[in-house]
Structure formats: structure tokens, C-alpha cells
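Hi everyone, thanks for coming. Please have a look at the chain on the screen, and then I'll walk you through it.

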Amino acid sequence: MAQPPQIGEFGQKVLISAGSNVSENISDAAALVQKCKRLLSDACDCAVSASRIYRTPAFPAGAGPDFANAVFACETTLSAGDVLARLHAIEAGAGRTRKVRWAQRVLDLDLLAFGDAVLPDAATWQHWHDLALSQQMTEAPEQLILPHPRVQDRPFVLVPMRDVAPDWEHPVLGLGIDAMLATCDPSAISGVIPLE
């Protein structure tokens with residue numbers, strides 16, 4: 001089993017995505033995502049950098065109103081598990097419930113990356129990475145998987161991630177953000193539209 005990543009004096013660089021399609025009014029969702037910067041700073045006791053906020057269609061198509069999405073970056077001395085617990089607490093505070101996978105969400109916070117950590121191990125990460133779409137829509141891991149196994153497939157994550165971590169390289173795939181975007185559907189990329 002892989003050892004937990006060692007956290008240095010200045011912590012690990014953490015990347016977190018935030019999304020909301022709380023209502024048909026995109027400005028309500030954008031305001032909630034914008035509020036996450038302060039909530040994350042307080043919860044993780046760190047300075048937080050924020051991408052622009054982007055409007056993206058819900059996935060799968062018809063799953064609800066458009067999303068407001070952003071990515072946040074910070075350095076923290078917390079463990080990956082502690083960061084995840086604090087993200088879940090922020091979601092719960094916003095009224096998030098987890099009843100239906102990929103349903104309309106008040107607030108969705110995903111831990112995308114924790115330094116170069118591959119958790120819990122490379123084989124488990126590969127299993128979740130390789131899931132067919134039909135399985136992704138019904139199955140969720142019971143443990144933290146890092147980096148997020150879908151990050152390379154999601155322009156609504158990669159485009160805002162480029163704002164705050166343009167040099168980030170996937171620790172398993174060895175690809176930078178632009179290289180991952182080059183493998184995505186161009187129509188999905190063009191659907192990621194900055195609100196600001």
C-alpha cells in the first residue's frame with residue numbers, strides 16, 4: 001500500500017474544484033462558488049487563489065441548469081483526508097445532500113490533486129480511471145482517490161485549473177493541462193464560458 005504523502009513545512013499544493021447549479025439563475029450559482037474562496041481559506045487555514053468563474057452545461061445533458069464552476073489552489077499542512085472532510089462540511093453547510101449521483105447540486109467540491117500524491121495506490125487509481133461511463137454514473141469509491149480519476153476528461157475542470165495552476169502535470173499520466181485538453185471534445189471545451 002502506498003504511504004501517505006509527506007507534508008513539508010509549507011504544506012502540499014491542493015487543487016479543488018467547485019461547482020453549483022443551485023438554480024436557473026446562474027448568478028446565484030456563481031455567488032455561491034465565489035463564496036467558496038473564503039470558506040476554503042477559513043476551513044483549511046490557508047491563502048486561496050481562485051480561477052475565474054465559468055458557465056458550463058450540466059452533465060449529463062438535461063441533468064439540471066447550467067453550472068458555475070471554478071478551481072481553487074492553496075497550500076495546506078492538513079492531510080488529504082482532513083481536506084476532504086472539510087470540503088464535505090462546507091458542502092453540508094450549503095445544504096448539499098448526496099442522494100442521486102450527478103444530480104443537480106447546491107454545491108459540489110472535489111479534491112482534484114494533493115501535491116503529486118497518487119492515493120490510495122496506483123492500481124486503485126487505475127481501476128477508477130478506467131471505469132466505463134455507465135459505471136461512472138452509478139458507482140462511487142468509498143475511499144479518497146487522487147488525483148481525481150476524471151480530471152483529465154473534464155474541460156469544466158481543466159479550463160479553470162489552467163487559471164490557477166497552469167504548470168500542473170498529472171502525476172500518473174505525465175500530461176500537462178493543455179495536453180489533456182487536446183484530448184477532450186472541442187465542443188465541450190467551447191462550452192466552458194467565463195462569466196467574468
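First, some ground rules. This is a predicted model, in which local features need pLDDT of at least 70 and side-chain atom pairs count only at pLDDT 80 or more, while totals for chains, interfaces and linings use all residues. Residues are numbered from 1 along each chain as its sequence is written, and side-chain values use heavy atoms, with hydrogens and water left out.

How confident is the predictor? That is what pLDDT tells us: the predictor's confidence in each residue, from 0 to 100. The chain's average is 88, and 90% of the residues score at least 70. Please be careful with residues 1-9, where pLDDT stays under 50.

Now the layout. Along the sequence, their order is β-α-β-β-β-α-β-α-α-α-α-α-β. Of the 196 residues, 45% are buried; buried means under 20% relative accessible area, exposed means over 50%, and partly exposed is in between, using a 1.4 Å probe and protein chains only.

One more number for the overall picture concerns contacts, meaning heavy atoms within 4.5 Å. Take the contacts between residues at least 6 apart in sequence: 70% of them join residues at least 24 apart.

Let's turn to the strands. Which strands pair with β1? One is β4, which runs antiparallel to β1 and is joined to it by nine bridges. The other one I'll show you is β5, also antiparallel, with six bridges to β1. Two strands count as paired if DSSP finds at least two bridges between them. You can follow the pairs residue by residue: Ile16 has Phe72 in β4 as its bridge partner, Val14 stands opposite Phe114 in β5, and Gly19 faces Asp108 in β5. Eight of the nine residues of β1 are buried, so β1 is largely enclosed by the rest of the structure. As for β5, seven of its seven residues are buried.

Next, find helix α1. Among the buried residues of α1 are Ile26, Val33, Cys36 and Leu40. Their cover includes β1, β4, α2 and β5.

This brings us to the cores. A nonpolar core is a set of buried Ala, Val, Leu, Ile, Met, Phe, Trp, Tyr and Cys residues joined through side-chain atoms within 4.5 Å. The largest one has 31 residues, and Ile16, Leu40, Phe72, Val83, Leu109 and Leu111 have the most contacts inside it. At least two residues each come from β1 (12-20), α1 (26-44), β4 (67-76), α2 (80-93) and β5 (108-114). Of these, α1 gives the most, nine residues. Click on Val83: leaving aside neighbours within four places in sequence, its contacts include Val14, Ile16, Leu111 and Phe114. Apart from this core lies another, of 19 residues, including Leu15, Tyr54, Val151 and Val159.

Where is Val159? It is one of the buried residues of α5. Helix α5 (residues 155-164) has seven of its ten residues buried, so it is largely enclosed by the rest of the structure.

Asp45 is not a glycine, yet its phi is positive, about 50°. Asp45 sits in the loop between α1 and β2. Is Asp45 buried or exposed? At 70% relative accessibility, it counts as exposed. There are also cis peptide bonds: one joins Leu119 and Pro120, with omega about -5°, and one runs from Leu146 to Pro147, with omega near -10°. Pro120 lies in the loop between β5 and α3 (122-129), and Pro147 in the loop between α4 and α5.

That's my tour, and I'm happy to take questions.

Technical notes. Helices (H or I, at least four residues) and strands (E, at least two) are DSSP runs, numbered from the N terminus.
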